[in-house]
Amino acid sequence: MTSQPDHSPESAESAESLGFDDLTRDIAEVPAVEVITTVAVHLMSAAAVKCGLAEGGEADKDLDEARKLITALAGLVTAGAPEISNFHAAPLRDGLRSLQLAFREASLVPDAPGSGPGEKFTGPVYS
């Protein structure tokens, strides 16, 4: 039997008394470059799992989902790169390219160059 979380007013009051607000970071204080890179890293991690590159391997592989994640990542990196400087964008581009190549290798029928996930934003990716 699992216990349900306590959502009573008393538990909310105890969270406030523990300084819950002190433990959270106000979004207004977070620089845009940090938000963009954090989102990109989450997309990369999820895409890697869906490409079968994580510990679960084939059990977690879902190339349809990976395609969506890689395309979203490509759009974010392409649009965000001029705003976050090459210093921050270069590693994101490298990670994106690695995922695009991993997707191509994992596909039974590889996409034509320029038709792979995110390639409408990045251009064709060759191995």
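**Entry 1. Surface patch**

I looked up I27 and found it in the loop between α2 (20–23) and α3. I27 has a relative accessible area of 63% and is therefore exposed. My classes are buried for under 20% relative accessible area, exposed for over 50%, and partly exposed in between (1.4 Å probe, protein chains only).

**Entry 2. Ground rules**

I am working on a predicted model, in which local features need pLDDT of at least 70 and side-chain atom pairs count only at pLDDT 80 or more, while totals for chains, interfaces and linings use all residues. Residues are numbered from 1 along each chain as its sequence is written, and side-chain values use heavy atoms, with hydrogens and water left out.

**Entry 3. Overall make-up**

I noted 5 helices and 0 strands in the protein. The pattern along the sequence is α-α-α-α-α. Helices (H or I, at least four residues) and strands (E, at least two) are DSSP runs, numbered from the N terminus.

The protein has 127 residues, and 31% of them count as buried.

**Entry 4. E34**

I placed E34 in helix α3 (residues 32–50). Its relative accessibility is 30%, so E34 counts as partly exposed. I then checked E34 against H88: they are 54 residues apart in sequence, and their C-alpha atoms are 9.5 Å apart in space.

**Entry 5. Salt bridges**

I counted a salt bridge where a side-chain nitrogen of Lys or Arg is within 4 Å of a carboxyl oxygen of Asp or Glu. The structure holds 5 of them.

One of them joins E58 and K61, whose closest N and O atoms are 3.4 Å apart. E58 is exposed because its relative accessibility is 61%. K61 is partly exposed, with a relative accessible area of 28%.

E65 and K68 form another, with 3.5 Å between the closest N and O atoms. The two are 3 residues apart in helix α4 (residues 63–106), so about one helical turn separates them. E65 counts as partly exposed at 31% relative accessibility, and K68 counts as partly exposed at 48%. I noted that D64, E65 and K68 are linked in a network of salt bridges.

**Entry 6. R104 and E119**

Which parts of the protein does the pair R104 and E119 tie together? The side chains of R104 and E119 meet in a salt bridge, 2.7 Å from N to O. R104 lies in helix α4 and E119 in helix α5 (residues 119–122), so the pair ties together parts that are 15 residues apart in sequence.

I checked burial for both partners. R104 counts as buried at 16% relative accessibility. E119 is also buried, with a relative accessible area of 4%.
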